[in-house]
Amino acid sequence: MEGWDPNTKSALTQIPLLSTRAGPRDGAAWTQRLKEEYRALIAYTTMNKSHDNDWFRISAANPEGTRWSGTCWYVHNLRRYEFALQFDIPVTYPATAPEIELPQLDGKTHKMYRGGKICLTVHFKPLWARNCPRFGIAHALCLGLAPWLAAEVPILVDSGVLKHKDDESTSAES
């Protein structure tokens with residue numbers, strides 16, 4: 001955590017670490033892992049709301065907890081840019097981090113793979129590997145998606161690649 005800004009350190013220390021090393025194929029152990037994931041997500045969401053930093057909604061999209069979806073947003077120049085968010089839990093989870101997808105941004109930045117998967121290989125994946133199985137979905141959002149949005153959205157907006165929904169509706173009316 002050396003070199004991290006104080007807000008990131010503070011957020012990370014408030015997200016509970018997970019202990020169950022189980023993936024989607026591990027039956028009862030996976031159910032226990034999902035309970036830990038939900039506890040960590042609730043703690044992270046509660047912390048964000050208490051610091052007026054609410055920036056995502058997410059839930060399991062299937063009963064097995066292997067598909068997740070929701071929305072995330074980033075405020076730039078006092079305008080909120082909102083994106084659909086989704087990912088699958090890999091079979092090798094928690095050894096392998098989920099690949100977070102923002103399908104609306106597919107092809108709009110070089111820091112993204114086909115299908116809208118954000119690039120986390122250089123900075124986040126080594127960190128995930130060192131902290132397996134203690135990191136979970138909340139950690140992936142905090143240390144993966146949040147910094148990616150903070151780095152990419154301003155560039156996409158300032159370069160004109162990403163338009164605010166109000167600007168799009170105004171130009172359609174003209």
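Me: How many bridges join strand β1 to strand β2?

Reply: The model is predicted: local features need pLDDT of at least 70, side-chain atom pairs count only at pLDDT 80 or more, and totals for chains, interfaces and linings use all residues. Residues are numbered from 1 along each chain as its sequence is written, and side-chain values use heavy atoms, with hydrogens and water left out. Helices (H or I, at least four residues) and strands (E, at least two) are DSSP runs numbered from the N terminus, and two strands pair if DSSP finds at least two bridges between them. Strands β1 (residues 56-60) and β2 (residues 67-76) run antiparallel, and the number of bridges joining them is 5.

Me: Which residue of β2 is the bridge partner of Ser59?

Reply: Another position in this pair of strands is Arg57, which stands opposite Thr71 in β2. For Ser59, the bridge partner in β2 is Ser69.

Me: Which residue in the hairpin of β1 and β2 takes a positive phi?

Reply: The hairpin has 6 residues between its strands. The positive phi is near 75°, and the residue that takes it is Gly65.

Me: Which strands are the edge strands of the open sheet?

Reply: The open sheet has 3 strands in the order β1-β2-β3, with antiparallel pairing. An edge strand here pairs on one side only, which holds for β1 and β3 (79-88).

Me: By what angle are neighbouring strands of this sheet turned against each other on average?

Reply: Axes are lines fitted to C-alpha atoms, for helices over the stretch in contact, and angles run from 0 to 180 degrees between N-to-C directions. For this average over neighbouring strands the direction is ignored, and the value is 10°.

Me: Which helix lies across β1, β2 and β3?

Reply: Contact means heavy atoms within 4.5 Å. Helix α2 (residues 28-50) lies across β1 and β2 and runs at about 165° to β1. The helix that lies across β1, β2 and β3, at about 45° to β2 and with residues 137-158, is α4.

Me: What is the radius of gyration of the protein?

Reply: The protein has 5 helices and 5 strands, and from the N terminus on the elements run α-α-β-β-β-β-β-α-α-α. The radius of gyration is taken over C-alpha atoms, and the globule rule is 2.2 Å times the number of residues to the power 0.38. For 174 residues the rule gives 16 Å, and the protein is close to this, so it is as compact as a globular protein of that length, with a radius of gyration of 17 Å.

Me: Is Asn48 buried or exposed?

Reply: Asn48 is found in helix α2 and touches Asn53, Asp54, Trp55 and Phe56, not counting residues up to four places away in sequence. Buried means under 20% relative accessible area, exposed over 50%, and partly exposed in between (1.4 Å probe, protein chains only). Because its relative accessibility is 4%, Asn48 counts as buried.

Me: What percentage of the residues of the protein count as buried?

Reply: The count is taken over the 174 residues of the protein. The buried share is 41%.

Me: Which cysteine has the sulfur nearest to that of Cys132?

Reply: A disulfide is a pair of cysteine sulfur atoms within 2.5 Å, and by this rule the count is 0. Cys119 is in no disulfide, with the sulfur of Cys72 as the nearest at 16 Å. Cys132, which counts as buried at 14% relative accessibility, is in no disulfide either, and the nearest cysteine sulfur, 18 Å away, is that of Cys142.
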